[in-house]
Amino acid sequence: MRTELNPLFSPFSCKTLQVPNRFVMSPMTRQFSPGGIPGENVADYYARRAASDVGLIVTEGIGVDHPSAIGEGSMGEKDIPVLHGDAALQGWRNVVDRVHKGGGRIVPQLWHMGAVRKDASPPHPEARSLHPGNMDEDDIADVVAAFARSAANAKDVGFDGIALHGAHGYLLDSFMWEQMNNRDDDWGGDVARRTRFPVKVVEAVREAVGPDMPIIFRISQWKLQDYDAQLADTPEGLGVIVKALAEAGVDIFDVSTRVFSRPAFADSDMGLAGWIRRLSGRPTMTVGGIGFDKELAASFTQQTTVLDNLDEVVRRFEAGEFDLVAIGRALLMDPQWVVKAKEGEAFKPFDISAYARLE
Ligand SMILES: Cc1cc2nc3c(=O)[nH]c(=O)nc-3n(C[C@H](O)[C@H](O)[C@H](O)COP(=O)(O)O)c2cc1C
C-alpha cells in the first residue's frame, strides 16, 4: 500500500454520483462499435476497469442523435458508437449493467465532431459537416435537441451522469474559439456570445435529465487543429466562459490539458484545472501525461516511457487544484493501473500496439 496516495483514495460525490476514489478513466475513442452498437467486447473492456478500482469511467466519445455528429475525423475514425436506436441502446444498457455489477460508475461522453468530420464520410455520407460558419437557426436548434435526446436516452439506459465533449476543436468548442467562430449574430462576437451555443446545449441537457444528474463538461485550450491554441488567453476571459457554463448546469469541469502540471497563465504555477476550479466554483478533473514521460501527441512519434508522477498529482490535489484525476493512455494499456498505483507495484511499459486491441 502506497500511503502517500491516500488522499486520492478518498470518496467524492456530486449530486447522485458517489465515487469511492478520485481516479477516472478518461474518454478514449476506440472504434470497436460496428453500426454504432457497442457489443460484449466493449462491455468486457469497461467492466474490467470498473472491477479494478477505477472510480468513474467516462466512455469514449459517442455520436449524438444527429446525422452530422460523427464520421471520419482527423484520425480516420470509424465504428464510433451512438446512443440512439434500439440496438445501440440495448448495447449500452448491457455496458452499464456490467460496469455496475463490477462495482463501478459510468457516464457517456456525448460528441459532435463539427468541422473535424470529413464531408461525405459514413455512417451518414449524405450529411453536411457543421461548423459555426454554416449553421442557421434550424441547424442550431436541431443539434441542441440532438444532445438533449441522447442525454435522455443515457438516463434511460442507466448511466450515472452525462459528459459533454466541449473540447479539442469539435463543434461545441469551435463556437467558443475565436479563430473558428466569425459569426456576427447572437451566436458569435464577444466571448459571452461565443459561449452561447454550448450554454444552450448544457441547458437543454439539464432540462432532459433533471436537476439531480451530474453534468460533466470537457474543456480545453488545445485544439486538434492547433495544439498550442488558446481558448482564453487571460483568466478573465476564461472566467466568462466557465461561469456561464456553470450557471447553465455544468457540475464538474473535465479540464483537458496536454500535461496536467503545466502552468496555465503567466505569474502562477497553477494548472488549468486549478484556474477553472477557482473561476467557476465547480469541482474539476485534471488529465494529461499522468504515468508517462510524453504527452499524447508526442507519444505517437517519440519513445515513451513510464514516469511515476503521482507525487505531483497528490501535491496539486492537496493544494486544491482539482477533485478528480483522469487517466487516459495508462488505463487503456493496463486495466489494473489504479490497483498498481494503490499497491505501489510496477506499471506496465508504454505499448502503442494496445490501441489496435480492446483489452
Ligand atoms: C486512443 C485515444 C482516444 C481518445 N479519444 C478521446 C475522446 O473520444 N474524447 C476525448 O475527450 N478525449 C479523447 N482522448 C484524450 C484522452 O481522454 C486524454 O485526455 C489524453 O489521452 C491525455 O491523457 P493521458 O496523458 O493520460 O493519455 C483520447 C486519447 C487516446 C489515447
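Tutor: Buried means under 20% relative accessible area, exposed means over 50%, and partly exposed is in between (1.4 Å probe, protein chains only). This is a predicted model: local features need pLDDT of at least 70, side-chain atom pairs count only at pLDDT 80 or more, and totals for chains, interfaces and linings use all residues. Residues are numbered from 1 along each chain as its sequence is written, and side-chain values use heavy atoms, with hydrogens and water left out.

Student: OK. Is D79 buried, partly exposed or exposed, and why?
Tutor: D79 counts as partly exposed because its relative accessibility is 29%.

Student: Where does D79 lie?
Tutor: D79 is in the loop between β4 (56-63) and α2 (86-101). Helices (H or I, at least four residues) and strands (E, at least two) are DSSP runs, numbered from the N terminus. The phi of D79 is positive, near 55°, and D79 is not a glycine.

Student: And what about the phi of Q31?
Tutor: Q31 has a positive phi too, about 60°, and is not a glycine. Q31 sits in the loop between β3 (23-25) and α1 (40-50). Its relative accessibility is 27%, so Q31 is partly exposed.

Student: New topic. Which residues does the cis peptide bond join?
Tutor: P122 and P123, with omega about 10°. P123 lies in the loop between β5 (106-111) and α3 (137-157).

Student: Last one. Where is L296?
Tutor: L296 is in helix α9 (residues 296-299). With a relative accessible area of 40%, L296 is partly exposed.
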